[in-house]
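Subject: Structure handover

Hello,

Here is the structure you will be taking over. Please open it first, then read the notes below.

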Amino acid sequence: MTQHTLRDELGTPNIVDRSVFEAELAALRVRETAHTREGDAIAAARRRLPMIEVDGATRLIGKSGPATLLDAFEGRRMLIAYYFMWHAGHPAPEQCEGCTWVASQVRELSYLHSRDATFAVFAQGPYEESARYHAFMGWEMPWYAAPQESLEKLLVGREIGMMHIVCYLREGPKVFETYWTTRRGVEAMDNSYRLLDLSVYGRQETWEDSPAGWPKPRNGKQNMRNNGRPIPQWPRLKAGYSDDLGTGSH
C-alpha cells in the first residue's frame with residue numbers, strides 16, 4: 001500500500017462553505033481566548049509564590065571543570081534549569097527521547113538573557129558522557145552535570161532521574177528556588193507539539209480526543225523515536241556527526 005493511499009484512508013473533517021467554517025472557528029476562538037486569559041492568571045499566581053533558599057555552593061561539573069549552582073547563573077538574576085534524564089553507560093540511541101525532544105527546541109537564548117535569565121541543562125549523570133551527547137546533538141546551551149549528592153540537595157522531595165524544570169532567583173550570593181515542574185510541565189520548552197496542536201491531526205498521541213480515523217502512533221507509543229533512536233538524532237548522523245559517548249558502544 002502506498003503512502004498516498006494511506007493518506008487517502010485517513011479521516012478528514014467535514015467540508016463546509018467559508019461562512020460555516022468561520023462561524024465555528026469564531027465559537028472556538030472564544031474558548032481559546034478564555035484559555036489564554038486563564039494561562040495569564042496562572043502565570044500571575046506563579047509570580048506570587050513564596051520561595052525557598054537552596055545552597056548556591058551545590059557542586060556541578062561544567063565545561064571548565066568543577067562549578068557551582070551559583071556559577072550556572074552566569075551573573076544573571078534568574079536561572080531556568082532543565083534536569084536532563086541520563087542513562088549512565090548507555091549509548092546515544094538509548095538516551096531519553098523526551099529530554100532530547102525538548103532540549104532540541106531550545107536554541108535562541110538572547111530573549112531570555114534580555115530579561116536577566118539564564119537557561120542551562122543539568123544532566124543527571126556523568127559529565128563526560130552527557131557532554132559528548134550535547135556536542136553530538138549540536139546544542140549550544142550551557143551544559144552541566146549534577147552528581148548524585150548534588151541532585152539529592154537540588155531535587156529534595158522529588159524523583160531523581162526524572163525530567164524537571166526548576167527556576168531559581170539569585171540575590172547576591174544567595175540562591176532561592178521559586179518554581180518547579182515535571183512530566184508534561186516541561187512542554188514549556190516545546191514548540192513542535194504546540195504547533196501540531198493547531199493542526200487537524202494534532203500530536204497523534206494515544207490519549208488525544210480525536211475523531212475516528214485520525215492517525216495514532218505506531219504500536220500505541222509516542223512518536224519521539226524512529227527506528228530505535230530519538231528522532232532528532234537522525235539528522236545529526238546524516239550530517240556526519242559521531243554519536244560515540246565513550247560508553248563502549250554506539
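Two strands pair if DSSP finds at least two bridges between them. Helices (H or I, at least four residues) and strands (E, at least two) are DSSP runs, numbered from the N terminus.

Some ground rules. This is a predicted model, so local features need pLDDT of at least 70, side-chain atom pairs count only at pLDDT 80 or more, and totals for chains, interfaces and linings use all residues. Residues are numbered from 1 along each chain as its sequence is written, and side-chain values use heavy atoms, with hydrogens and water left out.

Strand 2 and strand 3 (residues 65-68) run antiparallel, joined by four bridges. Gly62 has Gly65 in strand 3 as its bridge partner. Strand 2 also has two faces. Leu60 and Gly62 are on the covered face. Arg59 and Ile61 are on the uncovered one. In a regular strand the side chains alternate between the two faces of the sheet.

**Salt bridges**

A salt bridge here is a side-chain nitrogen of Lys or Arg within 4 Å of a carboxyl oxygen of Asp or Glu. The whole structure has 14 of them. For accessibility, buried means under 20% relative accessible area, exposed means over 50%, and partly exposed is in between (1.4 Å probe, protein chains only).

Start with Arg59, back in strand 2. Arg59 forms a salt bridge with Glu149, and their closest N and O atoms are 2.7 Å apart. This pair links distant parts of the chain: Arg59 is in strand 2 (residues 59-62) and Glu149 is in helix 6 (residues 148-154), 90 residues apart. Arg59 is partly exposed, at 38% relative accessible area. Glu149 is partly exposed too, at 42%.

Next, Glu74 and Arg76. Their side chains form a salt bridge at 3.0 Å, N to O. Glu74 is partly exposed at 41%, whereas Arg76 is buried at 18%.

Then Glu187 and Arg184, which meet in a salt bridge at 2.9 Å, N to O. Glu187 is buried, with a relative accessible area of 8%. Arg184 is partly exposed at 48%. Salt bridges with shared partners join Arg184, Glu187, Asp197 and Arg203 into one network.

**Cysteines**

How many disulfides are there? The count is zero. The cut-off is a pair of cysteine sulfur atoms within 2.5 Å. Cys96 has its closest cysteine sulfur in Cys99, at 3.6 Å, which is too far for a bond. Cys96 is buried, at 7% relative accessibility. Cys167 is in no disulfide either: the nearest cysteine sulfur, that of Cys99, is 16 Å away. Cys167 is buried at 18%.

**Aromatic rings**

A pair of aromatic rings is described by the distance of the centres and the angle of the planes. Rings of Phe, Tyr and Trp (its six-membered ring) pair if their centres lie within 6.5 Å; planes under 30 degrees apart count as stacked, over 60 as edge-to-face and the rest as tilted. The structure has 13 aromatic pairs.

One of them is Phe122 with Tyr144, edge-to-face, at 5.9 Å centre to centre and 90 degrees between the planes. It links distant parts of the chain: Phe122 is in strand 5 (residues 117-123) and Tyr144 in strand 6 (residues 143-145), 22 residues apart. Both Phe122 and Tyr144 are buried.

Tyr133 and Trp139 have ring centres 5.7 Å apart and planes at 80 degrees, so this pair is edge-to-face. Tyr133 is buried at 0% relative accessible area, and Trp139 is buried at 4%. Both belong to one aromatic cluster, formed by Tyr82, Phe84, Trp86, Tyr133, Phe136, Trp139 and Trp143.

**Charges over rings**

A charge sits over a ring if NZ of Lys or CZ of Arg is within 6 Å of the ring centre and within 35 degrees of the ring normal. Arg46 lies over the face of Tyr179, 5.0 Å from the ring centre. Arg236 lies over the face of Tyr241, at 3.7 Å from the ring centre.

Thr33 is in helix 2 (residues 18-47). Thr33 is partly exposed, at 37% relative accessibility. Thr33 and Asp190 are 157 residues apart in sequence and 21 Å apart in space, C-alpha to C-alpha.

Best wishes
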